[in-house]
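Please read the following alongside the sequence and the coordinates. The text goes from the chain as a whole to its aromatic pairs and then to its disulfides.

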Amino acid sequence: MMKRASLIILLCGVLFTNVCLAEDAISSVAEFCATFTDNKNEYQLHLIKNISILPDPSWIYPDTVHCDHCNCRAYWESSFSIEAPYDVSCGLSGYLEGGSGGVAICIDCACRKESAVRPITRIRLDPTDSDGLVYTFVNARENLKRYYGKKFRGSWETRLHETSIRFDREFDALLVGECDKPFLIAEYCVSQKDTLHLRKIGELGFFPKTLFPLKDETVCAGGYKVQRTMELHFSGYGNKTMGPYTESEVCGRNDTIENATEFPIPEYIGLNRVATKSQKQEILYGKDFPAKWTAELQCNSKSLKREIDFFIRVKGACPKEEEWLGDSDLDMRFFQLYKNSDDSENSCIVHKKN
């Protein structure tokens, strides 16, 4: 009987090991899909299935990091690159690149020049980093099809801030095809502190690059105006419209405008005027809700509109100890953070909520 029990335990151990190895092999393949813009010669990749791979057990970590300044912080600065299709004639590097910042150990602490180091326990790619994920590729939508279902070599790298310590791991990246549904962009919690509102607790993706159908370096004679409006649909609870938020050039000059339009992710979404009757906020918990940004550009007597659909997720109630620091509704302050310093210091560019 003991021999039989031992055999069963051994068999189960072998099966468990094989299952674990299979799951690890699957989880080490990062999957991407592609989106396309009005520029037929470019595409953008989006991470739709992340990886979870173990760090190398031979990596050696220091106990602490020493700095030559106050508020010393030990954190990992990570990035990844993937060999992917691109046109050599365009002079590109041939890599997709994304970033993933580590967790800071000492935030807003007293002056200190030493910080503890947190070992790496799991490797993940950052799904919110869009840097370097736009590729130039002739007739991209058509020519990229022959690469669908193919794997490419990926490399993840991290550096310990304030040191020369560097680690890297390789992984497989799969290009599954064209993205076929709106992305889940952000996660929120429900708060009743001061007012009923959603507070952003994390970003889960980024908006696909969106272009107005303009020629490069289009000049808007007499100025331009862009109006952005965001709509959210909370099934069984109510709808919410935010905006319009206007960015305009008010000096009447001729401005060169970029054809790319920006869609920021709101930090707060007010719910006080959403429901048509008294309803429990719990019906929002654990659900994804559709939303849409609309941007309308007025330039040279033309009106050009672009829309982008996406989802947000409501996780549940916010922690009771949360700090409420802002207006429960969206204003343009968050958007101005996305503008470069030249725009923010330009008195001819005005941002306002209509």
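A residue is called buried under 20% relative accessible area, exposed over 50%, and partly exposed in between (1.4 Å probe, protein chains only). By that rule, 42% of the 354 residues in the protein chain are buried. The model is predicted, so local features need pLDDT of at least 70 and side-chain atom pairs count only at pLDDT 80 or more, while totals for chains, interfaces and linings use all residues. Residues are numbered from 1 along each chain as its sequence is written, and side-chain values use heavy atoms, with hydrogens and water left out.

The protein chain has four helices and 21 strands, taken as DSSP runs (helices H or I, at least four residues; strands E, at least two) and numbered from the N terminus. With a contact defined as heavy atoms within 4.5 Å, residues 24 or more positions apart account for 74% of the contacts with a separation of 6 or more.

Next come the aromatic rings. Rings of Phe, Tyr and Trp (its six-membered ring) pair if their centres lie within 6.5 Å; planes under 30 degrees apart are stacked, over 60 edge-to-face, and the rest tilted. The count comes to 15 aromatic pairs. One of them, Phe263 with Trp293, is tilted, at 6.0 Å centre to centre and 35° between the planes. This pair links distant parts of the chain, 30 residues apart: Phe263 is in the loop between strands S17 and S18, and Trp293 is in strand S19. Phe263 is buried at 8% relative accessible area, and Trp293 is buried at 1%. Elsewhere, ring pairs join Tyr43, Tyr86, Tyr135, Phe137, Tyr147 and Phe152 into a cluster.

The structure holds five disulfides, each a pair of cysteine sulfur atoms within 2.5 Å. In one of these disulfides, the sulfur atoms of Cys33 and Cys179 are 2.0 Å apart. The S-S torsion of Cys33 and Cys179 is about 95°, so this disulfide is right-handed. Cys33 lies in strand S1 and Cys179 in the loop between strands S9 and S10, so the pair ties together parts 146 residues apart in sequence.

Another disulfide joins Cys189 and Cys318, with sulfur atoms 1.9 Å apart. Cys189 lies in strand S10 and Cys318 in the loop between strand S20 and helix H3, so the pair ties together parts 129 residues apart in sequence. Both Cys189 and Cys318 are buried.

Cys220 and Cys299 also form a disulfide, at 2.1 Å between sulfur atoms. The link of Cys220 and Cys299 is left-handed, with -105° about the S-S bond.
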